[in-house]
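Subject: Structure for your review

Dear colleague,

Please find the structure below, together with its sequence. My notes on what was found in it follow.

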Amino acid sequence: MATKSLRSSGQISKRSLAAFAGKRDPLLQCLAPRLSRSMATETQLPQTAIYNPFTPTILRRPPPPVPNVLATVYSFPYMEPLRFTEYPANQLHLPLRRDILHRAVIYEANVHRGMRTANTKWRSEVHGSGHKIRAQKGTGRARLGDKKSPMLKGGGVAFGPKPRDMSTKLPRKIYDLAWRTALSYRYRRGELIVVQKVEDIENEDSRFMKQIMQWNHWGKGDARSLIVTRRVMPKLFKALNGSKEQPGCGQHGIVKEEADIDVKDLLELGRVVIEKRSLDAILREHSSDLNMRVPSAVRR
């Protein structure tokens, strides 16, 4: 009888729960649609874009276009115009920065000074005994130590020169900017003459080169000129720079190889006559400060 009563009570409880579930509270019926909706809006990602949580927010994009400037290419030595060529404005049309040019010239001068080799001996480096020469007191004379004292002949040198490196440091980007600033200064003043190719002259006589310099107004009366070539040309270098047998016409200008010039050479004389391929090589070598790609806050 007890088992039958338990079974009947379980059936009654199940029926009561089903009846309670069938009857809903009016308040819950009003709030159920609002509470059952998720707060997040579902959307589908485009199939072409692959989401990567490690993708940086700041990406790189190409820089804005840089305007170009024109330069006339001449023939050497008769200076006939051949064609126009274009260069970016951030290479040949930069504003004058005297502070950067000054730092570059000082840096080059210190590099040329190099290592100082003068060396003198201090008293500890001089060979000799460390015995005290005379007593400290009682002689009526000045106090004196050993014979290696700087006050005695044959002793050490006080505050003498020692080997040291005279070179200084300059950031590469600032030095490259100084190169292009010097070339831009010459270009803006019309003192940068680009020639197609410098050929070696037929006659190594200095009088022939003197006539060329005076005819093109490059000589002594026009503040002299610097000629920059890609390689060494024996006759041209001998006629202009001179040699032991021939004095040359250095009073009208000098000629140097591309690898031997620096920022000071570009600013020292009245004008610069340079081969186009040498100019292209210099601009290509000294362009480390140009940021080819700028940051962008646009995600791919």
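Among contacts in the chain between residues at least 6 apart in sequence, what percentage join residues at least 24 apart? The figure is 74%, where contact means heavy atoms within 4.5 Å.

Before the details, a word on the source. This is a predicted model, in which local features need pLDDT of at least 70 and side-chain atom pairs count only at pLDDT 80 or more, while totals for chains, interfaces and linings use all residues. Residues are numbered from 1 along each chain as its sequence is written, and side-chain values use heavy atoms, with hydrogens and water left out.

The chain as a whole

The chain contains nine helices and 10 strands; these are DSSP runs (helices H or I, at least four residues; strands E, at least two), numbered from the N terminus. Of its 300 residues, 32% are buried. Here buried means under 20% relative accessible area, exposed means over 50%, and partly exposed lies in between (1.4 Å probe, protein chains only). The accessible surface amounts to about 21400 Å², and carbon and sulfur atoms account for 56% of that surface; such areas come from the Shrake-Rupley method with a 1.4 Å probe, and for residues only the protein chains shown count as cover.

The nonpolar cores

In soluble globular proteins, nonpolar side chains tend to be buried together. The largest nonpolar core in this chain comprises 28 residues, and L92, L183 and L279 have the most contacts inside it. A nonpolar core is a set of buried Ala, Val, Leu, Ile, Met, Phe, Trp, Tyr and Cys residues joined through side-chain atoms within 4.5 Å. Helix α5 (residues 172-188) gives the most to this core, namely five residues. With neighbours within four places in sequence set aside, L183 touches L92, L192, L266, L279, I282 and L283. Another core, of 19 residues, lies apart from the largest one, and W218, A239, C249 and V273 are among its members.

Helices α6 and α7

The axes of α6 (residues 206-215) and α7 (residues 234-241) come within 8 Å and cross at roughly 80 degrees. Axes are lines fitted to C-alpha atoms, for helices over the stretch in contact, and angles run from 0 to 180 degrees between N-to-C directions. The two helices are therefore roughly perpendicular to each other, a term for angles of 65 to 115 degrees. On α6 the contact is made by S206, M209 and M213, and on α7 by L236, A239 and L240.

Lysine 256

K256 is placed in strand β8 (residues 253-257). Its relative accessibility is 24%, so K256 counts as partly exposed. Beyond neighbours within four places in sequence, K256 is in contact with L226, I227, V228, T229, F237, I261 and D265. K256 and F237 are 19 residues apart in sequence, with their C-alpha atoms 7.9 Å apart.

Backbone points to check

Most residues other than glycine have a negative phi, and most peptide bonds are trans. The peptide bond from F76 to P77 is cis, with omega near 10 degrees, and P77 sits in the loop between β2 (68-74) and β3 (81-88). H217 has a positive phi, near 60 degrees, and R224 has a positive phi of about 60 degrees. H217 belongs to the loop between α6 and β7 (225-229), and R224 is found in the loop between α6 and β7. H217 is exposed, at 51% relative accessibility, whereas R224 is partly exposed, at 27%.

Yours sincerely

Notes: Angles under 35 degrees count as roughly parallel, over 145 as roughly antiparallel, 65 to 115 as roughly perpendicular and the rest as oblique.
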